[in-house]
Amino acid sequence: MPFNLPALVYIVCVTIRVLLAAIMKGTLLICCFLSLLLLQATAGKTFEEEEEEEDVTSVLRDRSHIDETLRLATEEKAGDYAAALERLRKIYHTSIKPMEQAYKYNELRQHEISDGEITSKPMVLFLGPWSVGKSSMINYLLGMHDSPYQLYTGAEPTTSEFTVIMHGEKIRSVEGIVMAADSSRSFSPLEKFGQNFLEKLIGIEMPHKLLERVTFVDTPGIIENRKQQERGYPFNDVCQWFIDRADLIFVVFDPTKLDVGLELEMLFRQLKGRESQIRIILNKADNLATQDLMRVYGALFWSLAPLINVTEPPRVYVSSFWPYDYAPDTSRELFKREEISLLEDLNQVIENRMENKIAFIRQHGIRVRIHGLLVDRYVQTFKEKMSFFSDPELVFKEIVDDPDKFYIFKSILAKTNVSKFDLPNRDAYRDFFGINPVTNFKPLTAQCSYMGGCLLEKIERAITNELPALLSSINSGKQPGLSSCEATGCGEKPKNRYRKNGGK
């Protein structure tokens, strides 16, 4: 067979090509295999880092400072507190309520005090725009995170009801209709806002040391683009009811919701006169860098300045009130100090709850007394101006349209120790007497009896002696006892002190 050189060269070239292809294919496979290993390792590391980051964000904050600041571990003397409340309730029923009923004060102010309101715990009210952290703050203070009865939270508007969190022997929810029907509670006056509102009212009872001393109220978030009629009940009127009874009001904002609309502006109008009870909270502060936080703080004051017309600016707490730990690289120490300051404010309200209750009843008694004096003056003026040929309606219309002409209000200031700043609006009595004719009322001189005493003397004794004496006994730590008036029956026949066993 003859030697064919071109064929041999061709066979060698094909063989080399095949070998090179195999080598390249093997290298490619090896490279692919190494790339997969590297990708898997990188993915595993990324997953571990993400898992670690999730663990960081899910770390719960230490809550020991809450129990320590609020003194939840200390036992308080429930007997002394109950005795003081009973004494306060008795003073109200025997000395203030008779004049309140005789001159129908409730129809002037629309605020009737019940036994449930006298014995109720201090109320802390949470107000503010939607999704600023009001419900999360309550969950944090009560330690309800991840519990079956924690308040639902989210980035969207979540709270559509007025939620009252109060103490109970066991964890349970109470419908608004049941709360309003229970006379032992202080929520029975809420029935006047209608059944649509009662369906938006819910109570949560639970055994908690903090709830033994205070009651929290979570409100629906303010949504500026929603009209009040769309809620189905008078939202502003309901807020006013809770504002009038709240001992502490937290108005909560977050860095993304600093704009002030019509509904929030109306809310601050309702808060006028209650500036001492308002605390403004800038929540979710750990989401911002320090420089951005300073700008947001200034923007918050700029937004609220036209709404709060007081000499002293309100107290603003800057922190992040929720169960999780603060974000890294933030002012942790500052936020914790702010949180402790807020807790001290809350603790002061709890510690002074009896003093605040006595002051509230005394203030109410002063208003009832002024109302009784004014109605008495209207009655006396009407009788002085009436003659046999006079038209009663025309005579009294002249008096009620221009009370200054007959020195109605000036005579009260001249003959009594009433401050002119405590006098009610003159126009209110035009509406009051439009519903209640002046002939339905007796003068104060006729409101006396041998057994019950005089209404004016009893209410003045309560304002000047009995309530201050009860307040002094609370401050001095003494057991609140019976006053000399109560020992003798406040106008009743004195008991025979010389007969055994307290016989008459």
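The largest cavity is lined by Ala285, Leu288, Ala289, Thr290, Leu293, Asp329, Thr330, Ser331 and Phe335. About 30 Å³ of space lies inside this cavity, and the count of cavities of 30 Å³ or more comes to one. What do the words mean here? On a 1 Å grid over the protein atoms alone, a cavity is a set of points where a 1.4 Å probe fits but cannot get out, while a pocket is an open set with protein on both sides within 12 Å along at least five of seven lines; a lining residue has an atom within 4 Å of a point. Grid points are joined across faces, edges and corners, and a volume is the space filled by probe spheres set on the points.

Before going on, please note that this is a predicted model, in which local features need pLDDT of at least 70 and side-chain atom pairs count only at pLDDT 80 or more, while totals for chains, interfaces and linings use all residues. Residues are numbered from 1 along each chain as its sequence is written, and side-chain values use heavy atoms, with hydrogens and water left out.

## The largest pocket

Now for the open spaces. The largest pocket has a volume of about 1,100 Å³. Its lining is made of 43 residues, of which Ile243, Asp244, Arg245, Arg274 and Phe360 lie nearest the centre of the pocket. (Helices are DSSP runs of H or I with at least four residues, strands are runs of E with at least two, and both are numbered from the N terminus.)

Which helix gives the most to the lining of the largest pocket? That is H13, with nine residues.

## Rings that meet

A search of the whole structure finds 26 aromatic pairs. One of them joins Phe432 and Phe433 in an edge-to-face arrangement, with 5.2 Å from centre to centre and 75° between the planes. To count as a pair, rings of Phe, Tyr and Trp (its six-membered ring) must have centres within 6.5 Å; planes under 30 degrees apart are called stacked, over 60 edge-to-face, and the rest tilted. Are these two residues buried or exposed? Phe432 is buried, at 3% relative accessible area, and Phe433 is buried too, at 7%. Here buried means under 20% relative accessible area, exposed means over 50%, and partly exposed lies in between (1.4 Å probe, protein chains only).

Both rings belong to one aromatic cluster, formed by Tyr103, Tyr378, Phe382, Phe396, Phe409, Tyr429, Phe432, Phe433 and Phe441. Tyr378, a cluster member, has its place in helix H13 and is buried at 0% relative accessibility. Tyr378 and Phe409 are 31 residues apart in sequence, and their C-alpha atoms are 9.5 Å apart in space.

Asp345 is found in helix H12 (residues 332–351) and is buried, with a relative accessible area of 14%. A second example joins the side chains of Ser411 and Arg377 at 3.2 Å. Ser411 lies in helix H15 (residues 408–415) and counts as buried at 10%. (A polar contact is a pair of N or O atoms within 3.5 Å; within protein, one must be able to donate a hydrogen and the other to accept it, and residues adjacent in sequence count only if both atoms are side-chain atoms.)

## One disulfide

How many disulfides does a search of the whole structure find? The search finds one, formed by Cys448 and Cys454 with their sulfur atoms 2.0 Å apart (the cut-off is a pair of cysteine sulfur atoms within 2.5 Å). The link is right-handed, with 115° about the S-S bond. Cys448 is partly exposed at 37% relative accessible area, whereas Cys454 is buried at 18%.
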